[in-house]
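Please open the structure in a viewer and keep the sequence at hand.

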Amino acid sequence: CGLWSSEEEIEPAELESIVSEYQFKKLWSTQVGSGLGEKYHQLQPALLSSRIFAVDHEGTVVAVERDSGKLVWKQELELPISGGVGIGNGRVLVSAYDGQLVALSALDGSEAWRAQLNSEATAPVQVSAGLALVQTIDGQVTAFDSQSGALRWSYSAQEPLLTLRGDSAPLLTANRAYVGFSSGKLAALDLATGELVWESLVTLPEGRTELERIVDIDGSLLRDQGLIFAGSYQGRISAISESEGRRLWSSPLSTFRSLAQNGLNLFAVDAEGTVVAFSKRNGDELWKQEALYFRQVSSPTILDGLVAVGDYEGYIHLLDPIDGRFVGRHRADSSALLSPPLGVEGVLYTLSDDGTLSALQLQKN
Amino acid sequence: CSSIESYIPEGGFFPGVHKIDVQQGNLITQEMVNKLKPGMTRSQVRYIMGSPIVTDTFTQNRWDYFYSLKPGYGELEQKRLTLYFEDDKLVQMDGDYRPQPQADTTAEPQ
Amino acid sequence: CSIFGEQAEPDIPEPQLWKEASQALTDLNYEIAIEKLEKLESRYPFGRYSEQAQLELIWAYHKHNKAGAAIAAADRFIRLHPQHENLDYAYYLRGLTRYVEDQSVLNRFLPTDTSQRDPGAARDSFEDFSTLLNRWPNSQYAPDARKRMIYLRNQLASYEIHVARYYIKRGAYVAATNRGRYVIENFPQTLSTADALAIMVAGYNQLGLTELADNAQSVLDQNFPDYPGLELE
Amino acid sequence: DSFVVEDIRFDGLQRMQLGRVLSIFPIQEGDQVDEFSLAKATRALFSSGYFNDVQLARDGNLLIVRLTERPAISRITIEGNKEVKTEGLKEGLAGLGLVEGEVFQRAALDKIRLELLQVYAAQGRYGAQIETSVEPLPENRLGLNINIKEGKAAAVQHINVVGNEVFSDEELIDLFSLKTPGFWDFFSEGRYSREKLSGDLERLRSYYLDKGYINFKIDSTQVSLTPDRKHVFVTVNITEGDLYFFGDYDLAGKLEVAEDQLLSQVAITPGETFSRDLMVRSADKISRRLGDDGFLLANVKPVPTIDEQNKTVSVRFYVEPGNRMYVRRINFVGNTSTADEVLRREMRQMEAAWASTNAMEKSKDRLERLGFFSEVNVETTTVPGVPDQIDLEYSVVEQLSGSLSASIGVSQSSGLILGASVSQKNFLGSGNFVSFNVTRSDNTRELSFSYENPYYTVDGVSRGFSAYYREEDLDDDDLSDYNLDSYGGAMSFGYPIDEHQRLGLSIGAEQLNLKLGSDVPNELNLFVQDEGDSFTQLPVVGSWSSNHLNRGLLPTEGYSQRVSLEVAGPGSDLNFYKLRYFGQLYYPLSDDQRWVVRGKTNLGYGDAFGDTTKLPFFKTFRAGGFESVRGFKNNTLGPRDARTTSGTLDPLGGNVLITGSAELIFPVPFIKDQSNMRTLLFWDVGGVFDRNCLTDNPACDLDMSFSNLSSSVGVGLSWLTFIGPMSFSLGVPVKEQEHDEDEFFQFSLGKTF
């Protein structure tokens with residue numbers, strides 16, 4: 001114990017050299033306002049047909065051509081942004097700290113409507129079947145008409161006293177909304193009326209202190225073949241049947257990041273930065289990649305079958321989906337890549353902390 | 001025994017000396033006295049009149065409710081009501097108050 | 001691993017510590033005695049000597065005029081050993097410490113009448129001595145305790161009379177008679193009992209409660225025929 | 001197979017006394033015991049927690065109890081705790097039976113570990129880790145080590161209020177004690193703690209309720225933590241509701257006091273914006289008013305009814321007076337040297353009278369204003385068994401008020417100074433003021449005595465005597481060169497005309513003989529020619545004073561003032577009068593009254609009348625020095641004589657005195673207990689003028705303008721030591737007149753600022 005009781009900061013892992021089979025070619029990069037700010041924002045960009053939409057923490061919303069990076073339109077909202085960009089039905093939606101929900105036209109960025117939420121929203125707005133759904137941190141899910149902004153319905157769940165910062169965005173289907181709450185519960189709501197269809201427990205809080213009882217579902221959910229996959233903090237990853245919410249399997253995992261999937265497997269990043277793969281059929285753990293220990297690894301995304309994650313030093317790591325071995329690494333600049341990257345048709349779109357939006361073409365060498 | 005009055009100099013020589021009011025004993029109201037009924041036990045009397053401040057070691061069977069107010073300047077106001085008990089039952093009372101049976105409750109004490 | 005690590009002192013065996021402590025006590029070196037006894041108590045809380053050590057500690061604090069520590073040590077001993085055979089000694093010592101505390105430093109040199117000052121310490125000391133007398137009437141400390149109690153009772157009684165005299169002067173006669181009655185009921189047969197009765201007589205007369213005044217007067221005449229009468233300054 | 005126990009033997013007792021074991025063991029000699037009662041006995045011994053193992057054996061009719069004692073704790077070491085103090089921890093441990101000398105209980109150790117984690121979690125230190133270890137020591141004892149890593153408290157990264165339209169975010173977040181850490185944040189106020197948050201929410205609610213938003217509601221509060229547990233986000237979601245105004249108000253219940261008396265206490269005016277604070281304060285004032293008539297336990301509950309249409313709130317005050325309480329006895333604690341009557345005569349509350357909060361508080365103020373006590377507290381306890389009687393206990397902490405000093409000093413001006421002075425406001429605890437002073441130096445020999453009994457009569461008429469004998473031969477004591485022998489005495493009376501004001505009268509007689517030296521200024525010669533050199537004076541002094549200070553010693557609030565007129569009575573040789581005014585005001589800046597602004601002023605005007613031409617030069621007003629204008633030598637301000645052969649210009653004093661000072665009293669940093677210490681910054685200004693100067697003396701007839709006053713700034717310290725108050729000041733002149741002489745360091749015994 002030194003003279004100054006230095007809290008043993010856990011040192012992030014050093015990167016060893018790897019044999020890289022893939023590399024990236026930067027197609028373009030552009031600056032989105034003044035970046036993500038330091039309030040632990042997860043302002044993930046969103047993709048709609050040929051355009052990418054992104055926002056910074058001061059309310060600058062940009063629309064950029066997907067393949068050239070050329071600026072299509074820019075809207076300065078001058079609002080402290082809390083939730084990432086949501087897109088759908090020709091609308092681009094962002095939410096601010098004072099509870100305002102702003103909908104812009106995806107075409108030209110002009111303001112379509114504004115609505116007042118009764119709390120802060122940190123997850124991006126989801127749009128489906130003419131409805132825009134927002135989960136706010138007080139455990140409420142509110143649905144607005146995506147065209148006019150009229151309030152349709154709202155559902156509220158009981159939230160624990162102490163939660164983890166950040167919320168999971170609802171997963172919408174044609175007639176259902178699946179919402180992961182900070183209480184560790186997964187709820188299925190009827191999209192049209194907001195009625196609760198079923199509720200299932202992903203993780204039961206144990207332990208005696210408030211800290212040990214945090215079981216937030218913060219990452220976004222996945223859906224495949226009638227199953228909903230949800231991972232929670234200090235708890236489990238579970239597969240829950242879409243129809244009546246019965247839990248098929250669950251295995252231990254502590255994560256607050258979103259999940260990724262390919263045909264057979266699920267990919268997750270646990271609280272300490274270990275990348276883990278699970279079989280979708282029975283939840284068995286297939287492999288673990290621990291070399292990125294404590295490098296604040298971002299949520300994984302699938303790019304041409306490979307698993308891609310960002311980290312706090314701005315590195316992109318590519319992992320082989322079969323055994324988790326590193327197959328590629330790329331560093332655009334030193335700004336952290338904490339908000340989840342987007343992988344589409346061989347191109348990886350990343351938004352770094354300092355607001356650089358770039359497109360990286362995957363190439364096999 | 002020596003009379004107490006003699007040695008306290010009146011405020012003659014000091015015009016307008018600020019004298020404080022001296023109040024002593026239980027405040028008694030006609031309303032309380034009207035509630036007294038012979039045969040009442042001591043605790044019933046205590047509930048109505050409050051606990052007597054003057055209680056004497058040598059005379060156990062009587063309670064003296066004594067009230068006095070000597071304002072700094074002005075007349076001394078003094079009231080007394082003595083209640084006599086025989087084996088814990090109120091038997092007799094004398095003093096400046098009489099219970100007025102059908103008096104309404106707003107009568108001010110004389 | 002603090003920087004100036006206090007070395008764990010060598011564990012002096014219990015009997016040797018006790019011998020050093022009693023030695024210091026015999027040659028009246030209370031400073032050392034207190035140090036040794038305190039170490040004995042903390043190192044060997046249940047040792048053969050621990051009870052005796054706690055008793056000696058009270059005495060050492062008292063003689064070293066550390067009144068607060070003496071009283072605290074006595075309280076602890078009484079709490080820890082409710083049936084100890086020389087518990088009377090603990091009560092006696094606590095009473096003695098409070099008795100001395102009553103004469104505060106200033107009063108010893110300057111001619112101040114302690115019976116007009118805060119009677120708190122006197123009252124506590126009186127209580128300790130009376131507990132001693134009823135639980136151990138034939139304890140070796142009983143005679144001295146009884147002697148001191150008489151002095152304390154007079155102190156407490158004359159305090160009440162001082163207050164009663166003030167209330168007579170102030171014209172608060174009920175207050176005065178109640179203070180007088182407090183003496184009659186709590187401190188009978190003291191030098192001030194006669195004064196108390198006289199005050200009750202004077203007070204009741206002022207209040208016009210002649211019957212009560214006469215009763216008090218008759219008790220006064222029977223018990224104190226040659227009472228010189230109440231002089232009110 | 002049951003049997004009768006003839007004897008019991010305990011084996012294995014190392015440290016436990018037999019007495020304590022017997023008190024737990026249910027079986028005694030002569031009991032009939034069987035399997036069942038033996039098992040019960042073993043369980044009893046186990047549950048006591050003192051023993052690891054208990055075995056009962058039988059040898060004929062002898063019951064053998066084999067015990068293995070649990071080890072006792074002989075040393076507890078705690079390391080690594082900074083936020084939670086070791087004493088607090090030790091108390092917590094003791095509470096659970098983990099104390100040196102007690103038997104060690106494993107369960108208690110886990111309990112304390114959890115409790116500590118909760119304490120740290122409440123302080124936002126979510127990263128705290130606690131390891132406990134037990135270290136065996138010889139003779140069945142053990143040492144307990146608790147190693148704490150407190151970790152850093154989570155910093156509040158963001159506080160957000162959602163749903164506020166009427167008040168801005170900044171205005172609301174300013175109410176919070178939780179602060180987002182600024183870059184200068186060295187202290188811990190940027191740290192999160194749950195208590196702080198609940199306090200903040202309460203402040204937020206009262207902020208709205210006190211500004212008319214009776215329907216204000218906090219919908220929900222979220223506290224969320226970043227995964228690295230370093231940052232906390234606090235979000236408060238509110239619904240403001242509409243603005244409401246006061247409707248009418250009334251009283252209900254058994255009032256016991258005339259209704260208008262109670263209604264006048266209500267501070268609500270219909271039509272004004274609603275305020276919960278105003279409503280609650282009105283209820284308090286009503287119950288205080290009831291308390292003044294003996295209803296100490298009165299309970300007044302304000303019940304608002306909301307009229308949604310026209311947005312008004314009408315309030316009904318439900319009064320439950322309870323019993324009228326009487327005071328049985330008043331006890332004083334802590335007055336080991338002050339006599340009981342000195343305190344009792346200040347009481348406005350009588351024994352055997354109904355209790356009045358007003359009288360009780362006035363009594364406390366009067367005790368504090370005596371200046372004998374550094375602390376006065378009052379407590380009421382109900383008399384057991386008598387529901388409507390209470391005892392009052394005033395506990396005081398005595399403070400020697402006055403000084404007991406003998407001084408031997410040397411000063412250039414007056415050579416060796418021998419002196420002894422006793423001045424006591426509470427002489428031997430009698431409450432009388434006695435001052436006795438004897439000094440002998442090259443140019444003054446003085447003997448003075450004064451005595452005052454503040455309670456010559458029971459109503460507080462004071463009577464005092466004073467006498468003095470003084471020989472002054474003043475040549476180099478910065479005054480003109482002459483000798484003045486004087487002796488005299490006075491008798492004084494004073495009496496209160498209300499709780500704060502007093503009138504005073506003193507009649508004196510003094511004889512003064514003057515002998516002028518050779519090198520004397522013109523004024524003095526002229527004076528002696530006119531008036532002669534020996535005078536008999538009969539001074540009569542009338543005074544009015546009013547004291548509204550909150551304390552006798554080191555007051556922090558209130559004001560006091562005094563006007564006195566001294567006139568030479570009939571039969572005096574010299575006819576002159578001196579009018580004096582003294583006023584001071586304390587105005588606390590902070591509600592803990594550690595920052596106080598004080599203003600004080602001393603004014604004086606004197607003149608002769610009848611056949612006396614001029615205010616005698618030895619009776620003129622003087623200024624400068626510790627008790628008038630600090631930073632200047634004693635009595636050296638004001639007009640000087642122009643012509644003395646020795647060239648030094650002697651100060652003459654004047655018949656007009658103007659002094660004033662502004663002081664800022666501030667708390668001394670780093671010193672916890674400030675109750676007997678006072679530090680202040682001062683700005684003094686003052687001077688004396690002579691209205692009827694001899695015309696041909698340019699240094700005398702200055703016109704009375706601000707520019708002709710001297711002023712200084714500096715710092716002062718007053719300290720109530722156990723032998724009496726001491727005051728020091730360091731003064732630097734800011735504006736000096738031509739002949740002023742400054743004096744940087746000054747001190748005085750027996751006086752506080």
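Begin with strand 11 of chain A, residues 131–135, which is mostly covered: 5 of its 5 residues are buried. The model shown is a predicted one. Display the side chains of the strand. A:Leu131, A:Leu133 and A:Gln135 point one way, while A:Ala132 and A:Val134 point the other way, and all are buried.

Then select strand 12 of chain A, residues 140–145. Strand 12 runs antiparallel to strand 11 of chain A and is joined to that strand by 5 bridges. Within this pair, A:Leu133 stands opposite A:Ala143. These strands also form a hairpin, with 4 residues between them, and A:Gly139 in the turn has a positive phi of about 85°.

Move along chain A to A:Ser183, in the loop between strand 16 (176–180) and strand 17 (185–190). Is this residue buried or exposed? A:Ser183 has 13% relative accessibility and therefore counts as buried. Leaving aside neighbours within four places in sequence, the residues in contact with A:Ser183 are A:Gln158, A:Glu159, A:Pro160, A:Thr203 and A:Val215.

Continue to the open sheet of 4 strands in chain A, which has the order 23-24-25-26 and antiparallel pairing. Its edge strands are strand 23 (260–261) and strand 26 (285–289), each of which pairs on one side only. Select strand 25 of chain A, residues 275–279, together with strand 26 of chain A: the two pair in the antiparallel sense over 4 bridges. A:Val275 has A:Gln289 in strand 26 of chain A as its bridge partner.

Finally, turn to chain C and select helix 8 (residues 142–170) and helix 9 (residues 173–186). Their axes come within 8 Å and cross at roughly 165°. Helix 8 and helix 9 of chain C are therefore roughly antiparallel to each other, and their crossing is left-handed. To view the contact, show the side chains on both helices. The residues that meet include C:Ala157, C:Ile161 and C:Tyr167 in helix 8 of chain C, and C:Tyr173, C:Arg179 and C:Val183 in helix 9 of chain C. By class, this contact of helix 8 with helix 9 of chain C has 12 nonpolar, no polar and 2 charged residues.

Key
Residues are numbered from 1 along each chain as its sequence is written. Chains are lettered from A and ligands numbered from 1 in the order in which they are written. This is a predicted model: local features need pLDDT of at least 70, side-chain atom pairs count only at pLDDT 80 or more; totals for chains, interfaces and linings use all residues. Side-chain values use heavy atoms; hydrogens and water are left out. Axes are lines fitted to C-alpha atoms, for helices over the stretch in contact, and angles run from 0 to 180 degrees between N-to-C directions. Angles under 35 degrees count as roughly parallel, over 145 as roughly antiparallel, 65 to 115 as roughly perpendicular and the rest as oblique. A crossing is left-handed if the near helix is turned anticlockwise from the far one by less than a right angle, and right-handed if clockwise. Contact means heavy atoms within 4.5 Å. Ala, Val, Leu, Ile, Met, Phe, Trp, Tyr, Cys and Pro count as nonpolar, Asp, Glu, Lys and Arg as charged, and the others, Gly among them, as polar. Buried means under 20% relative accessible area, exposed over 50%, partly exposed in between (1.4 Å probe, protein chains only). Two strands pair if DSSP finds at least two bridges between them.
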